[in-house]
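Here are some friendly notes to read beside the model. Take them one at a time, and keep the 3D view open as you go.

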Amino acid sequence: TRTRLFSSVGAASLTPTYEKLYKKYSEVRRVLGTQRLTLAEKILYSHLNNVEESLLTNTNGGRDVRGKANLKLNPDRVNMQDASAQMALLQFMSCNLPQTAIPASIHCDHLIVGERGADDDLSAGIKTNQEVFDFLESAARKYGIDFWPPGAGIIHQTVLENYAVPGLMMLGTDSHSPNAGGLSTITIGVGGADAVEALVGAPWELKAPRILGVRLTGKLSDWVSPKDMILHLAGLLTVRGGTGYIVEYFGPGVDSLSCTGMSTACNMGAEIGATTSIFPFTEASSRYLKSTRREQASRDAALLQSFPGTGASEDAHFRFKADDGAQYDELIEINLSELEPHINGPFTPDLSTPLSKFKETVMEQNWPEKLSAGLIGSCTNSSYEDMTRVESIVKEAEKAGLKPAADFYITPGSEQIRATLERDGTLETFTDAGGIVLSNACGPCIGQWKRQDGVEKGTLNAIFTSYNRNFRGRNDGNPETMNFLASPEIVTAMAFAGSTTFNPMTDSLTTPDGMEFRFPAPHGLEGPETPFEVGKDALKAQSQSPDPNVEVAISPSSERLALLEPFNAFPSSDLSGLRVLVKITGKCTTDTISAAGPWLKYKGHLPNISANTLNTAVNAETGEVNAAYDLDGNKHTIPELARKWKEAGQPWLVVAEHNYGEGSAREHAALQPRYLGARIIVCKSFARIHETNLKKQGVVPLTLADEADYDRINAGDEVATVGLYDMLRNGGQGDVSLRVTKKGSGEQFLVPTKHAVSKDHADFIIAGSALNLLSKGL
Ligand code: F3S
């Protein structure tokens with residue numbers, strides 16, 4: 001019993017967070033008995049809304065959960081970055097709730113441009129984005145959300161330093177949120193609509209991931225860092241290899257890694273498509289909690305692990321590591337002792353080349369030999385360990401009279417790390433060497449980089465970064481910039497050499513005195529000897545209780561922010577009088593439906609961003625891009641015609657081919673068509689996440705039962721549904737057909753379709769959107 005358990009640890013009691021975790025975990029054990037579990041499963045299943053139902057329904061007595069069960073989860077908190085927080089908060093506001101159901105935070109990091117250096121860039125960024133920051137700050141005050149102002153740091157670093165404690169489940173509105181897995185949390189990157197579900201207290205749904213085990217042995221050698229481990233793994237698994245999996249690290253090699261090193265590996269799990277990644281709680285994790293002034297959290301984690309086993313199995317203690325004998329769906333072994341530095345790229349994070357082969361590859365591929373810039377830091381690699389390892393080699397090079405031959409930029413991940421590195425002299429070493437310290441924000445990592453080196457758009461050039469992603473155009477908007485990913489120490493050594501073919505482990509540079517200089521192996525400290533500095537007061541979090549009197553700042557004349565109107569509920573009948581807006585041919589990704597780039601600034605303004613809807617889609621009947629024809633034959637762009645029909649009260653549908661909506665979980669790709677009057681999307685097949693997003697926004701996704709019917713439907717045809725209303729009322733049961741009336745001839749025929757509408761989805765569609773339904777039930 002609990003009394004016995006409490007007394008057995010000297011009457012100590014658990015924190016509310018661990019009390020909840022412990023209770024749920026006991027239920028998991030009662031249902032699953034002695035089944036051996038991975039750490040990811042322990043934490044994930046201990047956040048189930050209904051343990052018994054989720055683990056037993058159709059899953060072979062709970063033994064077959066992975067890849068099959070639909071888990072309904074209750075996350076502990078939500079973290080949002082400034083770009084994606086805008087639509088998440090606008091949706092949350094439309095629910096009229098006084099506060100968020102779970103703790104949340106907003107981090108202003110994506111909108112600051114890197115150009116001249118921290119101070120100038122920060123004030124310029126604040127000026128350009130003032131109204132967005134004012135909106136986020138006022139919404140934070142109204143709903144009791146922690147607000148981290150511009151300059152406070154990058155979301156993932158700030159979350160790791162302040163919110164991550166082992167055993168938590170968090171959602172983050174950014175794909176690199178799994179960074180916090182380095183502190184034994186389950187943290188998943190999601191879109192704004194998913195975040196809102198958690199913010200209103202609704203269970204968040206996830207298909208139970210499979211578990212990919214990575215067993216680490218050995219110990220990293222001098223020039224090798226945890227970054228090299230994940231760069232190597234990305235090469236092995238490719239950008240899709242982790243899809244549907246949680247990557248769980250284990251084995252004796254784990255104990256040799258720092259907590260921030262483990263986070264780097266988890267951060268870049270996004271590059272292999274993993275749902276998230278996680279490491280066990282180690283001595284290093286405990287040291288990290290202490291140096292970030294969270295001794296209590298470290299003691300709490302130890303206390304939880306000292307509680308005896310519960311449920312059916314007396315030995316089933318909660319431990320922040322996998323049970324002995326836990327099974328993995330896939331298993332990879334990496335001997336850290338045998339690993340060498342890796343360089344990944346260009347243009348994809350899974351093109352991995354060991355350092356020793358890189359010169360040869362550069363020559364073979366005719367990649368640029370000149371290095372134009374080296375950029376270190378970011379949310380991925382700005383830890384104390386990373387920066388002091390870099391410092392050690394910069395100091396030696398300086399002593400020899402060398403300066404970086406390429407531009408050298410440093411992005412601290414947070415004010416805390418920046419202030420600590422300043423206190424300990426590390427930043428001075430970088431600036432003395434000619435490095436430019438950028439603000440504690442995303443900057444060049446997300447395309448917010450105004451290059452000062454005269455490299456024009458369209459010019460082929462090479463940069464080295466310690467960031468996580470290297471898609472074309474991602475850093476400076478120049479599709480010809482080749483970004484090679486490497487550890488901060490390799491990036492730095494390459495920047496001193498100014499060459500992509502330099503191997504700091506074997507090659508030498510010539511000093512101004514004509515001497516030969518060989519970099520010594522880097523060495524650094526895992527963390528500071530005294531705890532981290534907190535930094536400038538103005539850059540601390542504003543934490544507050546909800547205040548209903550706060551007016552959320554949105555100017556009615558704003559071009560960047562607009563309040564959302566709830567969508568109309570589904571009519572009490574089938575749909576009729578719909579018209580086909582456009583028939584699309586070929587790939588139609590979420591980028592095709594809602595382009596990024598210059599449109600990012602309208603993320604909080606649905607009417608304005610909707611002007612990009614389907615603007616790179618190819619018209620199947622004419623082969624033109626972004627062309628649609630009105631019933632009178634007049635040509636428009638697709639978004640223009642959609643808006644014209646919206647204003648005329650003409651509902652519409654789109655007909656498309658395979659894998660409609662592939663790409664990201666971008667919610668705007670579902671919101672925009674819905675806003676402009678789409679009721680149905682009919683295609684040969686859907687990308688799964690987008691199909692769900694459409695249903696959440698009240699658009700009905702239907703697939704053609706016979707693909708040949710794609711050829712029989714054309715733009716301008718009139719469409720009515722047959723059976724749709726009954727299917728929705730029956731919780732997704734029943735068939736739906738489309739009655740098509742040809743434009744011109746008036747010929748009619750029925751097109752049978754298929755759908756994947758569940759009871760929950762049917763309820764969303766009937767209510768007009770998931771949010772309408774959720775806010776009704778609150
Ligand atoms: Fe920002 Fe780049 Fe990280 S955009 S969150 S620094 S991946």
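**Notes on the predicted model**

1. Let's begin where two domains meet: 21 residues of domain 2 are in contact with 20 residues of domain 3. Please keep in mind throughout that this is a predicted model. On the domain 2 side, the elements that give two or more residues are helix 6 and helix 8 (155-162). Helix 8 gives the most, with five residues. Sorted by class, that side of domain 2 has ten polar, eight nonpolar and three charged residues.

2. Now step back to the whole protein. It is divided into domain 1 (1-73 + 208-279 + 296-339), domain 2 (74-206), domain 3 (342-447 + 456-537) and domain 4 (578-776). Taken over C-alpha atoms, the centres of domain 2 and domain 3 are 28 Å apart.

3. Next, the ligand. Which residues are closest to the ligand? They are Ser378, Cys379, Cys442, Cys445 and Ile446, out of 14 residues that surround it. The shell takes at least three residues from each of domain 2 and domain 3. Its make-up by class is seven nonpolar, five polar and two charged residues.

4. Asparagine 179 deserves a visit. You will find it in the loop between strand 5 (169-172) and strand 6 (186-189). Is asparagine 179 buried or exposed? It counts as buried because 35 other C-beta atoms lie within 10 Å, and the cut-off for that label is 20 or more.

5. Who are the partners of asparagine 179? Leaving aside neighbours within four places in sequence, asparagine 179 is in contact with His156, Leu160, Ser263, Cys266, Asn267 and Cys379. Cys379 is also one of the residues closest to the ligand.

6. Finally, helix 7 (residues 130-143). From first C-alpha to last, its 14 residues reach 20 Å, close to the 20 Å expected at 1.5 Å a residue. Helix 7 is mostly covered, with ten of those 14 residues buried; among them are Val132, Phe133, Phe135, Leu136 and Tyr143.

7. What do the buried residues of helix 7 pack against? Their partners are helix 5 (82-93), strand 3 (104-107), helix 6 (118-128) and strand 4 (146-148). Just after helix 7 comes glycine 144, which takes a positive phi of about 75 degrees.

How values were computed
Residues numbered from 1 in each chain as written. Predicted model: local features only at pLDDT ≥ 70, side-chain atom pairs only at ≥ 80, totals over all residues. Helix = DSSP H or I, 4+ residues; strand = E, 2+ residues; numbered from the N terminus. Buried ≥ 20, exposed ≤ 12 C-beta atoms within 10 Å, placed from the backbone. Contact = placed C-beta atoms within 7 Å. Expected span 1.5 Å × (residues − 1). Domains from an automatic or database assignment. Nonpolar A, V, L, I, M, F, W, Y, C, P; charged D, E, K, R; others polar. Near = placed C-beta within 6 Å.
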